[in-house]
Every structure is written in C-alpha cells, then in structure tokens.
Amino acid sequence: MYIPNHFEGNEPAGREIMQAHSWALLITPDGTGAPLATHLSLLWQDDGSQHGNLIGHMARANPHWKMFAGSVDSLALFWGPHAYVSPTWYAPGPKVPTWNYVTVHAYGRPQVIEDTPGALAVLAKLAALYEGATPQSWGLGSLPPGNAAVQVRGIVAFRLPLSRIETKLKLSQNRDLEDRQRVIAKLDASDGQDAQATAQWMKRVLP
C-alpha cells in the first residue's frame, strides 16, 4: 500500500482498526496473476507473536481456501471510517476534493485448522464477539447436541499468523491546522456515522 510519511499509522492503531472493523477482504494470489478475494469476518488475536494473528472461516465450497498451501502471502484488507472532503470547507484558495480514511493491510500465510475442536473454537470466538454476553446471546450451545460438529463440516476455519501490518491514516495531515479544523467541524456536523467517526480520528492526529 502506498503510504506517504505523513499518513503512516503505527501498529497499535492498526490493531484497533482491525478489532473495531473486522469485516474484511481476504485476497490470495493463485500463482497466475488472478487472485481470489473473499469478504469475511476476521478476528485479530494477541498470540504473543510480534504482530498477532487473525482467525476466520469460509464456506468449504469456496475454492479460495485451497490456495492457502501456496508460498505467497495473503492480504487481509480492513476498512475503518472514511468520508468525502469538499474543497469548499477549506480556507479560500485553489484547492481540490479528497477522501479521508483509515485502513489496514495485514499480511501472512493462512493455515487451515483441520481438527473439529479447533474449528469449533474459531466459531465460538466469532459468535461471542458479535453476539455479546446477554441471556439471549446465541452460541454453539444453542444447537442440538452434536449438531455443531455437523455444521462445521460445511466450513473451513483458518488462522493467519501475521508477518506484516501496514496502517494508513489519511486524515488531512498534509494540510495546515486551519483547514484541518474546518474539515473536522464539517464532518462533526454531518449526519453520517462514518463522517463523524472520521472527524474523531482526525482529532486524534492533530498536532
């Protein structure tokens, strides 16, 4: 990913983005220049390694997972908040539109989790993340006895040990303070949640 120095984010920010925006795009080269891409949920975990790992799963009928045995890294792409920025928001002068955003590219070689208990553990962690902890929360225990092991036959669970994380925070850092504050005010006043969240990120990187 192209990251000018003033837009480079650190790894803790990247981990925060991955955890808060876990709907990702996993891209794996097939060796012929035509990569496969799958939209899926990926959960970042601190496993004690330098960059941690991601876990997820996809349909067994999806041929994507069969490419995991290759010798080339896959890319997991995460989107955080993003918003259009109008040049009319800046101080007067010849300026052009742009887009502010935060994003993460995480690289590694996925490993298929072959055993049923391991695959069920991935499903349980993902369900716990999204369901939350309430009496009404769904979990694998909600299924009839033995049914979870049957259901897991239709998916392929995997872990992705991360070898590299790139974090880009494109938040008007290349503009002067007045322009940045003007953009923040406009985004804060927007009805859009992404715009408001982008404003919050912009406040975090103000000098």
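## A tour from pocket to helix pair

Start by selecting helix H2, which gives the largest pocket the largest share of its lining, four residues. Helices here are DSSP H or I runs of at least four residues, and strands are E runs of at least two, numbered from the N terminus. You're looking at a predicted model, where local features need pLDDT of at least 70 and side-chain atom pairs 80 or more, while totals for chains, interfaces and linings use all residues. Residue numbers run from 1 along each chain as its sequence is written, and side-chain values use heavy atoms, without hydrogens or water.

Stay with the pocket, which holds about 180 Å³ of space. (A pocket is an open set of points on a 1 Å grid over the protein atoms alone, where a 1.4 Å probe fits, with protein on both sides within 12 Å along at least five of seven lines; lining residues have an atom within 4 Å of a point. The volume is the space filled by probe spheres set on the points, which are joined across faces, edges and corners.) Now select His57, Leu123, Ala127, Trp138 and Leu140: of the 13 lining residues, these are the closest to the pocket's centre. Strand S3 (36–41), H2 (116–131) and helix H3 (147–151) each give two or more residues to the lining.

Next, select H4 (177–188) and H5 (193–204), whose axes come within 8 Å and cross at roughly 150°. That makes the two helices roughly antiparallel (an angle over 145 degrees). Axes are lines fitted to C-alpha atoms over the stretch in contact, with angles from 0 to 180 degrees between N-to-C directions. For the contact (heavy atoms within 4.5 Å), show Arg180, Val183, Ile184, Leu187 and Asp188 in H4, which meet H5 residues including Ala195, Met202 and Lys203.

Finally, zoom out: the whole protein has five helices and nine strands.

Definitions and conventions: Angles under 35 degrees count as roughly parallel, over 145 as roughly antiparallel, 65 to 115 as roughly perpendicular and the rest as oblique.
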